[in-house]
Amino acid sequence: MSEFLGNAQGALAALYETLQASALLPVFTDPAQLSPGQAVLVAVSVLFVGTVLRNLWGGQRTNKVKLRAEFTPAINHPLIFFLGKVYYHAPPPVKAIPCLTPFGMKLETYLRMADIPYEPMYDWSIGPKGKIPWIEYNGEAMGDSGLIIEFLNREKGVDLNQSLSDADKAVSRAFTKMGEENTYWGGARYRWIDNFDTVHEVLEVSWIVKILGLLRPVRSTIRENMWAHGIGRHSRDEIEGIVEKDIKAVSTFLGAKPYLMGDEPTEADAAAFGQLSEVCFAFPGSYMERLVTVDCPNLQAYVNRMKNRYWPDWDELTSKTVPIS
């Protein structure tokens, strides 16, 4: 999802520069100032952006990224050992939640759980796999939250699952993949297909993005991806039934335990919190929110427990937001 928003941001930046160079930027706040000639120029600019968006969403599987010129390197020498800094790229916080993608919430929660120093780079740049979030480390770009966590575990000597048996690790992976490869798509459908009229408010986009319909290609791409995945071939009721079973399975397994796998949090909690925090804070009034907060109150308590433990700056982050324009 954020992959497509990141591409949109780049295209919108091109439109912004065109309008600024043409002295049209004030229409972003006061469209009544448009003269007939300016309206034509805006229309041409929008067609240009539409072309860019279509090309971006055409399906490139890899993406070249611009890396930082300066970074804190990792040094591994017999006389010197220094762990490099993680530069974490993710969408900027919104009022509802520090990151609108569950994979961003997962990765940043993991970084906090593992006490790995990192520097947030809040932007809409796209990582090497064409997705958000992604990281820079030791002058290289890495994508995919799961693969990033595996790399950092090796590089930093982290093992949040050290207390688990092999059987518990298998269960942990199964729940993680259920949430990310199954439950996630229920949220994608709810936000982008069934309730697209309200998505602009959740994403905090400017009026120009909404009026010009610049997020509509995202909706189409979500539909296509869901169909290719297979879950998009189901009806709305069938998908909601699948999601309900997923959420109730997590609730049943959690039971009265403080964390998914027991008394202390593990990697699975970063993934589960990533998905469930989106449901609790970024899907107001949804059937998914009802499932977590009403039908499965132990999950809401769980989300609050994780939030209070690892996100003491939550209110600070969500109080300083900038609309997407």
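Predicted model: local features only at pLDDT ≥ 70, side-chain atom pairs only at ≥ 80, totals over all residues.
Residues are numbered from 1 along each chain as its sequence is written.

**Exercise 1. Describe how helix 5 and helix 8 pack.**

Step 1. Find the helices, which are DSSP runs (H or I, at least four residues) numbered from the N terminus. Helix 5 covers residues 166–194 and helix 8 covers residues 216–229.

Step 2. Read the geometry. The angle is about 150°, and the axes are 10 Å apart. Axes are lines fitted to C-alpha atoms over the stretch in contact, and angles run from 0 to 180 degrees between N-to-C directions.

Step 3. Name the arrangement. Angles over 145 degrees count as roughly antiparallel, under 35 as roughly parallel, 65 to 115 as roughly perpendicular and the rest as oblique. Helix 5 and helix 8 are therefore roughly antiparallel.

Step 4. List the contact (heavy atoms within 4.5 Å). Helix 5 brings residues including Trp185 and Trp192, and helix 8 brings residues including Ile222 and Met226.

**Exercise 2. Describe how helix 11 and helix 12 pack.**

Step 1. Take residues 287–295 for helix 11 and 297–310 for helix 12. The angle is about 95°, with the axes 4 Å apart.

Step 2. Apply the angle classes. Helix 11 and helix 12 are therefore roughly perpendicular to each other.

Step 3. Find the contact residues. Helix 11 gives Val292, Thr293, Val294 and Asp295; helix 12 gives Pro297, Leu299 and Gln300.

**Exercise 3. Classify the aromatic pair of Trp311 and Trp314.**

Step 1. Recall the rule. Rings of Phe, Tyr and Trp (its six-membered ring) pair if their centres lie within 6.5 Å; planes under 30 degrees apart count as stacked, over 60 as edge-to-face and the rest as tilted. The count comes to ten aromatic pairs.

Step 2. Apply it. The centres of Trp311 and Trp314 are 6.0 Å apart, with 80° between the planes. The pair is edge-to-face.

Step 3. Check burial (buried is under 20% relative accessible area, exposed over 50%, partly exposed in between; 1.4 Å probe, protein chains only). Trp311 and Trp314 are buried.

**Exercise 4. Is Pro93 buried or exposed, and what does Pro93 touch?**

Step 1. Locate Pro93 in the loop between strand 3 (86–90) and helix 3 (102–113). Strands are DSSP runs (E, at least two residues).

Step 2. Pro93 has a relative accessible area of 7%, so Pro93 is buried.

Step 3. Not counting residues up to four places away in sequence, Pro93 touches Pro98, Tyr122, Leu317 and Thr321.

Conventions. Heavy atoms only, no water.
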